[in-house]
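Colleague: Could you take me through this model and tell me how its descriptions are reached?
Modeller: Gladly, here it is.
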Amino acid sequence: MKAPATQHGAAEEMDMPRITVNGRATEVDADPATPLIYVLRNDLALNGPKLGCGRAQCGACTVLVDGHAARSCQVKLGDVAGAQQITTLEGLGTPEAPHALQAAFIAEQAAQCGYCTSGMIMQAAALLAERRSGLTEAQVAEALEHNLCRCGTQPRVVRAVMRASRQQGA
Amino acid sequence: MGMQTPTRRGFVAGLAAGAAGLAIGFRLDASAQQAAPVGPPMLRANPKLDSWVRLTPDGRIVVLTGRVELGQGVLTAMRQIAAEELDVAPARLELISGDTAETANEGVTAGSQSIKFGGEALAVACADARATLVNVAAETWGVERAALNVSDGVIEGIGGRRMTYAEAAARVSLVRPANLAAQRKPPHAGTIIGTSLPRTDIPAKVFGQQVFIHDMRPEGMLFGAIARPPSYAARLVALDMAWAEALPGVVKVVRDGSFIGVIARREEQANDAARRITAAAQWRDGAALFGGKGAFEYLTTEPALTRTIHSKAAPASTPARTHVAEYRRGFQAHASIGASCSLAKFEDGKLTVWSHTQGPFPLRGDLARGLRMEPEAIRVIHAQGSGCYGHNGADDVALDAALLARAMPGRTIRVHWTHEEEMVWEPWGSAMVVKLEAAMGADGGIASWGHDVWSFPHSTRPGDRVGCNLRSAWYLENPVAPSPIVDGALPNGASARNAVPIYDFPGQRVTTHFHTAMPVRTSALRTLGGYFNAVAAEMFIDECASLAGVDPVAYRIRHLADQRLVAVLRKAVEISGWQPKPVVMGRGNAQGARLVGTGVGMTKYKNSDSHVAVVARVSVDPATGVVRLEKMWAATEAGRAINPDGITNQIEGGMVQAASWTLLEEGRWDRGRMVSEDYTAYPIIDFERIPPIESVLIDRPDLPSLGVGEGSQGPTGAAIANAILDATGRRVAEIPFTPERVLAALRA
């Protein structure tokens, strides 16, 4: 096997990009032009964000950047190096302390294969953060319009987001 | 069907051929199991008890199934079935699925057959294990077996006597052939089957735990990608290997004929290198797809294998009138959200492949032939992928990973196709043409019915005894040709699936015009030909009802002998508030500025499985031709429900997917390949287009469980089509019903 090729010799002389994911700062040994999804999944071993279309059309890779939903297949590592707070599904809640959306997706059994689930939850989390109460089903559908599910679980996803919204408002 | 396995082809083919009749022999109640031959066919084919259930002296209870989780919830249902027969809490069971070194060979997880065949086999194996362990206690205590009770894996006798399964298992061998005549618990005694046990895989999916094959990261893993030819027919002429191996991050470039794979340190580097290699390499192109014809013209004018596969002569009579119509559907894709992925490791002459294939054993056979290895040197282990909805790139990518892994022994290589690679290179669902003709009597009833279908193949899966159906094998220096292509035989059928009428027409004929040449490679898309045959037939019967001047529901009931179908139709009509009236061709139903209509569609999937009726209400904008779904209702009956919420999830999901196929989806190609390579070029349904759905399940615990995963697609497409007919008074003959086509029909 050959020695690993150096992609950008100059990068080695500079500091490695430093990003903050789920509250933890970490240095990443990758080109700043690398799409964030590869860094999250392959360098940081996070399972939540999923690589879907790679063209910002499906929403499977959605994460929060400073609380706003972002397609991590389009965000470059260098764009979020520094002070921005990146949140993935893993940072939203845990089995012991689930986020309202995670609990609601289980309660409504709002998945089939579950590949789109992380993106759905992250997009909905941004919506719930903006809208603390009085959410309608039409608003949920509008907010999730660019998150695709091929299994056809959208009606359940809407019910789950509404359930989480009611819980949040309560 | 292509679902055969190398070792048991005859068995599975017979199973496919006999499915409708076998359903009768698969009664879950004890009395019906006396019928010969004894025992579930899947258990007869895999009789080792320990390939279904293992109870170990240390207290573990391991349940094994050759079926695999595709997102349909089958492992939750299998857990329920096993827990029911073993009298153990479902959470205590460990499950192993789809591993060629461990589980039974159940062919492919497809065709809505897992519960009906795989579930029945697992149930009898578990019933055998339970009876054996209870017998140990009975003999130890010198009491009758019937006097003993089992509570969560503890055998209880009179006077507070207790023996755990672990203690009993230490005194008897469960490594032996299964007792095929073991008696299942009678349905009325069940407490777990029939309940909506929550899916066991959903929590891990909402917390981002490692579930998917894409999440596997073994130590030292490297990333692979394939540099695809610019068209299906293109072959490699020249590539500067030294340049390619010097691309950023590249560790190795593997070239074998026109197959070029890249191994790199990082995933994006592998993908980038593959893209640049495709662009830089010199290729020799082949002939234009379809000889430059349109797909429908190609289907109906190029030589095909024409066979009448079903016929029933009607009593001679002179029809009062005849009606003829033709319907078309373009190519449609699986369009999974996550592209296909596989990991492979080659070490000491042995290959291990992790795959989200629907059939670990069939895949192993094709891998062996594609790699020219012995099947015994290959282990295929299932890991979950993104939903596949049939034969997508899941199997192909396994050979890609294996070819790269073989070139770098000792390292695990992971290949995750790009989405555009999946859309261009996966097998598509076939374009189809259906022509229907009916002879109607003076009373308006249908006296005879003819169904002609023109189609490309619906199953070119791995699993035959010869050839290799994994795409990259065809591009090697010494290519391995694909297996011979056959159309699936009735009663399940492939191109003719659901072409045999569900109605009791006196005269019937079904004729297939089957193409084995595939300018665009096609294979199983959920329901095979079933969706489109059902849609066309149900559209046509509405047109006949209209000609007879009869309400579509009343017209159907008049022709139905199958009371289970009548029951779901009546239920769908009841919950939707159906207003009986004849559809008048040429007259739309205006309501304000829009045209509104309601339609119904129904099937008995494969003429042997779930009974589903769907009602859809649509509105059509006459200025633009845009169809909006307003609401959909469904009624389902699939015998004994294992997990009612699981069934509802499948039925509703199928309705959403079928709505997408029916209104939006159509693949396009250029001279050399499909070009619908992303969700902009090939849109699928989004949240805003999905209407409220109301779904009702009719449980029949007295009847065998039937396959349900593909039950709602045909009825949904048909209900939408018939709602458009009701709204516009016009027939739109080509799926998808795009605004352009609806507008053209309105202006015709």
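Modeller: Domain bounds here come from an automatic or database domain assignment. For chain B that assignment gives domain 1 (9–191), domain 2 (213–231 + 235–284 + 339–423) and domain 3 (432–459 + 494–747). This is a predicted model, where local features need pLDDT of at least 70, side-chain atom pairs count only at pLDDT 80 or more, and totals for chains, interfaces and linings use all residues. Residues are numbered from 1 along each chain as its sequence is written, while chains are lettered from A and ligands numbered from 1 in the order in which they are written.

Colleague: What makes up the contact between domain 1 of chain B and domain 3 of chain B?
Modeller: Residues are in contact if their C-beta atoms, placed from the backbone, lie within 7 Å. Each side gives residues to it: 20 from domain 1 of chain B and 20 from domain 3 of chain B. On the domain 1 side, α2 (19–25), α4 (74–86) and α5 (114–141) of chain B give two or more residues; such helices are DSSP runs (H or I, at least four residues), numbered from the N terminus. The largest share, four residues, comes from α4(B).

Colleague: Why is α4(B) called roughly parallel to α5(B)?
Modeller: Axes are lines fitted to C-alpha atoms, for helices over the stretch in contact, with angles from 0 to 180 degrees between N-to-C directions. The two axes come within 8 Å and cross at roughly 30 degrees. Angles under 35 degrees count as roughly parallel, so α4(B) is roughly parallel to α5(B).

Notes: Contact = placed C-beta atoms within 7 Å. Parallel < 35°, antiparallel > 145°, perpendicular 65-115°, else oblique.
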